[in-house]
Amino acid sequence: MKKIAIILFGAMLLASCTKDFFSSDEWSGTYDYAEMAGCDYMLCVADNLIVDNLKQMETALFIESQGSTSSTRFAFNGSIWTVGNEWTVSEKSALLPGMSIKRVAADSTWTLSRNGKYSFNGYNYDTDYEMDIRMRPDTSARAAGDHFWWDVALKKCNRTEEKGYRSEITTPAGSVLEYTYGTMGKWAYCYGVLGMRVYKEDELIDVARLQLNGGRYNDPSYLHNL
Amino acid sequence: MKKLVVSLILLAGFAFGAAAQENAFNKSVSLSIGGVTGLDADGLFINNYDPYSLAGIYEPTWSEPIYLPVFGLDGDWILGRWIGVSLSLSYSSMKAEKQQLEGDVRNTVGYSKVQQLCLVPGVKVFWANRERFKLYSGFDAGAEARCVTDDGKTSLNLGAAWDVVPLGARFKFIDNFGLYVFMESMVGRRIIGTRFGFGFAF
């Protein structure tokens, strides 16, 4: 009886140890958390920074749709649909104060830009970014009040941090991140690729790639040390 | 803990009211071990990995440190019924494995170590002072030397060290023979917790 108990205990102990070295997902190989270093960082751009900008953009569209000639959230010089006009988020706004929205083309494309502090989970560093966003034509699949479908080309996102570190995050040339229709305060899916280059004291130390396949959790495919 | 305190108070009750001051066995030397080193409170070489900042991802970090208990060598001189002085030398150290992201692997790049040596004179106030039993509180203040080794480089820092002994007790079991054991609760730069030891009084 004692031998059986010892064998069973040993087997349980061995089983618990193997969980540390083998992934719980089938056919996914051995997992090392160091392989994912930087993934959460890049997700802050896809899931927080870009989405915050889209939220301000849709608020601007709503204000425009109400026929308002002034706003406490934005300063603007005309209709947001007119090429060349610019809307700027008020410095008193809690979300992205100073962000600029400029209509650049008649095909529902705007350029959003900002240079200021932005927080990644409490780390508030200077972030200088510019993105082109294009609204896909509205279809009957989208109900009034839902989010629009946006294609986002992140032309630059340069973040300068402490100890000489900085990052440059962009979408690859010619590609976009697709934020599909959404309801209840969130977009449903995000598809596309982001690239990141990390520098320390102006020396390139890492190159990373994040592929988004719809969901934030479980779905992203991440590689670094490229 | 409550039972311990009550027991000590009961034992001390036998000593209160003694008319004569203890003249014999008023000098002693002791060795001690125990307590959590004050190095723990300083947060040296901690796990500072954070996935939301570049420094948190790419800077070196450390695994859970290993601490040695605090070793002490003390000399005491009881000057009178209520008061005594002491001189204490203590040693403690801590070691942590240093890791850094290199490529897509987190490698061990070395070990970081801190060694602390303290020399503190002090004062003790005796609530009970009998040959076989002593109950006391104390305060020590002196100097510490801290040697930090990181990345193959060693640096020496000098600073102040202090301790408060809220309660200590000494037990000698054999008449006319100086061997005793003691335990002290201690809070300060050197030790947080309880230390135990034995000594010889003469």
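Q: What makes a residue of chain B count as buried, and what share of the 202 residues is buried?
A: A residue is called buried when its relative accessible area is under 20%. In this predicted model, 44% of the 202 residues in chain B are buried. The accessible surface of chain B comes to about 10200 Å², and 67% of that belongs to carbon and sulfur atoms.

Q: What is the pattern of helices and strands along chain B?
A: Chain B has two helices and ten strands. Read along the sequence, they follow α-β-α-β-β-β-β-β-β-β-β-β. Of the contacts in chain B between residues at least 6 apart in sequence, 61% join residues at least 24 apart.

Q: Why is the pair B:Asp74 and B:Arg195 called a salt bridge?
A: The rule asks for a side-chain nitrogen of Lys or Arg within 4 Å of a carboxyl oxygen of Asp or Glu. Here the N to O distance is 2.8 Å, so the pair qualifies. As for where the partners sit, B:Asp74 is in strand β4 (residues 70-78) of chain B and B:Arg195 is in strand β10 (residues 191-201), 121 residues apart. Both B:Asp74 and B:Arg195 are buried.

Q: What makes A:Glu178 and A:Arg136 partly exposed rather than buried or exposed?
A: Partly exposed is the range between the two cut-offs, under 20% for buried and over 50% for exposed. A:Glu178 has a relative accessible area of 24%, and A:Arg136 has 25%. Both values fall in that range, so both residues are called partly exposed.

Q: Which bond do the side chains of A:Glu178 and A:Arg136 form, and where do the two residues lie?
A: Their side chains meet in a salt bridge, with 3.4 Å from N to O. A:Glu178 is in strand β8 (residues 177-179) of chain A, while A:Arg136 is in the loop between β5 (123-135) and β6 (150-160), so the pair ties together parts 42 residues apart in sequence. A:Arg134, A:Arg136, A:Asp151 and A:Glu178 are linked in a network of salt bridges. Over all chains, the rule counts 23 salt bridges.

Q: How do you know that B:Glu59 forms a salt bridge with A:Lys200?
A: The closest N and O atoms of B:Glu59 and A:Lys200 are 2.9 Å apart, so they meet the cut-off of 4 Å. The count between chain A and chain B is one salt bridge. Five residue pairs are in polar contact across this interface. On the side of chain A that touches chain B, the elements giving two or more residues are α2 (39-65), β7 (165-170), β9 (190-200) and β10 (203-214). The residues of that side divide into ten nonpolar, five polar and nine charged.

Q: How many residues does each chain bring to the contact, and what area is buried between chain A and chain B?
A: The contact takes 24 residues from chain A and 15 residues from chain B. Together the two chains bury about 1800 Å², with 61% of it on carbon and sulfur atoms.

Conventions. Residues are numbered from 1 along each chain as its sequence is written. Chains are lettered from A and ligands numbered from 1 in the order in which they are written. This is a predicted model: local features need pLDDT of at least 70, side-chain atom pairs count only at pLDDT 80 or more; totals for chains, interfaces and linings use all residues. Side-chain values use heavy atoms; hydrogens and water are left out. Helices (H or I, at least four residues) and strands (E, at least two) are DSSP runs, numbered from the N terminus. Buried means under 20% relative accessible area, exposed over 50%, partly exposed in between (1.4 Å probe, protein chains only). Contact means heavy atoms within 4.5 Å. Accessible areas come from the Shrake-Rupley method with a 1.4 Å probe; for residues, only the protein chains shown count as cover. Buried area is the accessible area (1.4 Å probe) that two parts lose on being put together, summed over both. A polar contact is a pair of N or O atoms within 3.5 Å; within protein, one must be able to donate a hydrogen and the other to accept it, and residues adjacent in sequence count only if both atoms are side-chain atoms. Ala, Val, Leu, Ile, Met, Phe, Trp, Tyr, Cys and Pro count as nonpolar, Asp, Glu, Lys and Arg as charged, and the others, Gly among them, as polar.
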